[in-house]
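Here is a short briefing on selected packing and pairing features. Please read it alongside the model.

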Amino acid sequence: MSNLSQIKRQRMIECLQKIREEHKDDDEMLIALGEIESELNAKKYGLVWEEHEEAVDVKMRTHVPVFTEDTTREINGAPGENYNFLLEGDNLHSLRLLEKTHKGKIDVIYIDPPYNHGKDDFVYDDNYVGAEDSFKHSKWLSFMEKRLRIAYSLLSEDGLIFVSIDDNEQAALKVLIDDVFSEDNFIIAMPRITKKSGKTTGSFSKNHDYVLVYTKQNKDIFVMEEHIDPAFRYEDEWVDERGKYKLNQTLDYDSLSYSASLDYPLTVEGETFYPGGDIFAWQERQKGNHRRADWAWRWNQKLFDFGYQNGFIVIKRKPDGSARIYTKTYLNARIEKDGNGGYYIEYVKRTKPLSSIGLVENQYSNDNAKKDLAVFGLKDDFDYSKPVELVKRLIKNHYNKNATVLDFFAGSGTTAQAVLELNIEDGGHRTFILCTNNQNNICEEVTYKRCRDILTTYHYENSSRTILLEQKIKLSDFKYSTIPDEIAIIKSEYKAEYKRFATEIKDTHLYVYGVTVSQKYTGIPANLKYYRTDFVSRDEEYFSEALLEHIAEMIQLEHGINLDGKNYIMLLDDDEADNLAAHWNEYSDVKALYVSKNVLFTTEQNILFKDTAIHIIPDYYFSFELREVGETW
């Protein structure tokens, strides 16, 4: 079929060529015609919107954004560990600076941008974008497009981004990110429960939003969660290797197709067993009197011997003295053939991917986000904050437990809490970088306060839960009120083993858990630095020197360290190098030196510093800006 749009476009371009001939001596006309032709040949599939410029863009024409550290807000709660960062200012400025320190180095990005409801949730150029604004969608897309392109450049090749959004902009955002990240890197759009009930607008109650998931390049980066099946309830001496086991299969079964080779007597510990438990029925089968489907063992003699010797067999006796043979099904181990007629134990880790509807459970709802905030006295400050469990669940999809996690719509600081709690739970060493503006003092009084409290006063328990009861709920359970009694019996039975219990009804099943607390914290040990976005005028008389005053912040941000003058030292000129060398014996534990390329160590200094890590301060911090004004370092 013909491409009608292409035909029309070609006809217009041919018309432009004729106009060019008529105005070949009019330079202004030729420039205008060239611009028209460029627009005609521009991309023909995707979003189209009126591009808007922000004041933050205009600011960067005349000023260079820099970071200035507020040292009064530094928290050193984990000496020797890397620092986390809270960056106050417009996130476009912060992202531009992060491009200098973290290009291709961010592992995970989670963002919860404004949903653009026209209800005081999206500020553009210091003004709320209202529902009546005819350019509200264009402004939002212009705003998001700039930031997402930088986000793409910041992600590592194994990077992963999660974006929360709702129906208001979901369709447009999906097409936008397809363009920035490539639709080949789209993974899924997951619905997330926002609330179980609430006001109904129109014909439907809106109880969900979405999380869009994209990779940078590599899709083989996801870690599937361990499959914890409540049916695996029992433990034995191999629990550490094989996991728990269940006894849901007898060795004998009324087979679909009778096999004489599997219908044999088994002698175990001096006792002989027959399939089906009836010696007389077995004798009849041996005479050929069997049904098409009749009793037999599931395992042959050789497999049984291997299973019995390796603990895969359990003999269960009834009060009347009769017994049956059961096989153990372990969570993380199974018997396999070795190819030489023998058997071996294969160890596996049962896992399951995160379901496409895995975020519709109530723990991921906004109701739980309010509970999270209430701990820090912030319950009434945010209506649409995301719960900690949601961000934790998303972050741990990435294989790297030492990931650098970026959130450039940090809001109340949920991502910080999620990262630090997840580190405790799985032994990771992730770090976070949060960016947020200070509108209505949100960065100082909310984001920083929450981060500070998490690191200093927050009471956190690292606990695990063991299933003590898993039972399908029937209507009769409610009719006769048996559930409370069963819960009470379980708690009484395990009260010596567990001091705390938890109950849950999920997927028509009742669960009773015994809770084991392995660690308690008052303040999660971690380090934090607080930066503010500042600016240096491009007309500054001493432009180079003014930028140099902010180099320390860039070094600290890139390396996650604190230039304390003891463990981490910055040297900007030869005099500083000479002074350090003269007092070198006073420095007992120097981890690294960060040295200007203009510093030339003497032979003696090279020998003196040879066992210390030396990093040359890179040109890429501000080299572009310096070249623009005709200066260089």
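Is Phe 306 buried or exposed? Phe 306 is buried: its relative accessible area is 17%, and the cut-off for buried is under 20%. This is a predicted model.

**Phe 306 and its surroundings**
- Phe 306 belongs to helix 9, which spans residues 301–309.
- Leaving aside residues up to four places away in sequence, Phe 306 touches Ile 335, Tyr 343, Tyr 344 and Ile 345.
- Phe 306 and Ile 345 are 39 residues apart along the chain, and their C-alpha atoms are separated by 9.6 Å.

**The hairpin of strands 18 and 19**
- Strand 18 (residues 333–337) pairs with strand 19 (residues 343–347) in the antiparallel sense, over five bridges.
- Arg 334 has Glu 346 in strand 19 as its bridge partner.
- Five residues lie between the two strands of this hairpin. Gly 339 takes a positive phi near 90° there.

**The antiparallel sheet 11-17-16**
- Three strands form an open sheet in the order 11-17-16, with antiparallel pairing.
- Strand 11 (245–250) and strand 16 (313–317) are at the edges. Each has a single partner strand, so one side of each is left without a neighbour in the sheet.
- From one strand to the next, the twist averages 40°.
- Strand 11 and strand 17 (residues 323–330) run antiparallel and are joined by four bridges.
- Thr 250 stands opposite Tyr 326 of strand 17.

**The parallel sheet 27-28-29**
- Another open sheet has three strands in the order 27-28-29, with parallel pairing.
- Its edge strands are strand 27 (568–571) and strand 29 (613–616), and each pairs on one side only.
- The twist here averages 20° from one strand to the next.
- Four bridges link strand 28 (residues 592–595) to strand 29 in the parallel sense.
- Tyr 594 stands opposite His 615 in strand 29.
- Helix 17 packs on this sheet and touches strand 27, strand 28 and strand 29. The direction of helix 17 makes about 140° with that of strand 27.
- Helix 18 (residues 574–582) also packs on the sheet, touching strand 27 and strand 28. The direction of helix 18 makes about 140° with that of strand 27.

**Helix 4 against helix 17**
- Helix 4 (residues 91–102) packs with helix 17 (residues 551–559) at an angle of about 65°, and their axes are 9 Å apart.
- That angle makes helix 4 roughly perpendicular to helix 17, a class that covers 65 to 115 degrees.
- The crossing of helix 4 and helix 17 is right-handed.
- From helix 4, Leu 97, Leu 98, Lys 100, Thr 101 and His 102 meet Met 554, Leu 557 and Glu 558 of helix 17.
- This contact of helix 4 with helix 17 has four nonpolar, two polar and two charged residues.

**Helix 3 against helix 4**
- The axes of helix 3 (residues 55–62) and helix 4 come within 9 Å and cross at roughly 50°.
- Helix 3 is therefore oblique to helix 4.
- Val 56, Asp 57, Lys 59 and Met 60 of helix 3 meet Leu 92, His 93 and Arg 96 of helix 4.
- By class, the residues of this contact of helix 3 with helix 4 are three nonpolar, one polar and three charged.

Notes: Residues numbered from 1 in each chain as written. Predicted model: local features only at pLDDT ≥ 70, side-chain atom pairs only at ≥ 80, totals over all residues. Heavy atoms only, no water. Axes fitted to C-alpha atoms, helices over the stretch in contact; angles between N-to-C directions. Parallel < 35°, antiparallel > 145°, perpendicular 65-115°, else oblique. Left-handed = near helix turned anticlockwise from the far one by under 90°. Contact = heavy atoms within 4.5 Å. Nonpolar A, V, L, I, M, F, W, Y, C, P; charged D, E, K, R; others polar. Pairing = 2+ DSSP bridges. Buried < 20%, exposed > 50% of the residue type's maximum accessible area, 1.4 Å probe, protein only.
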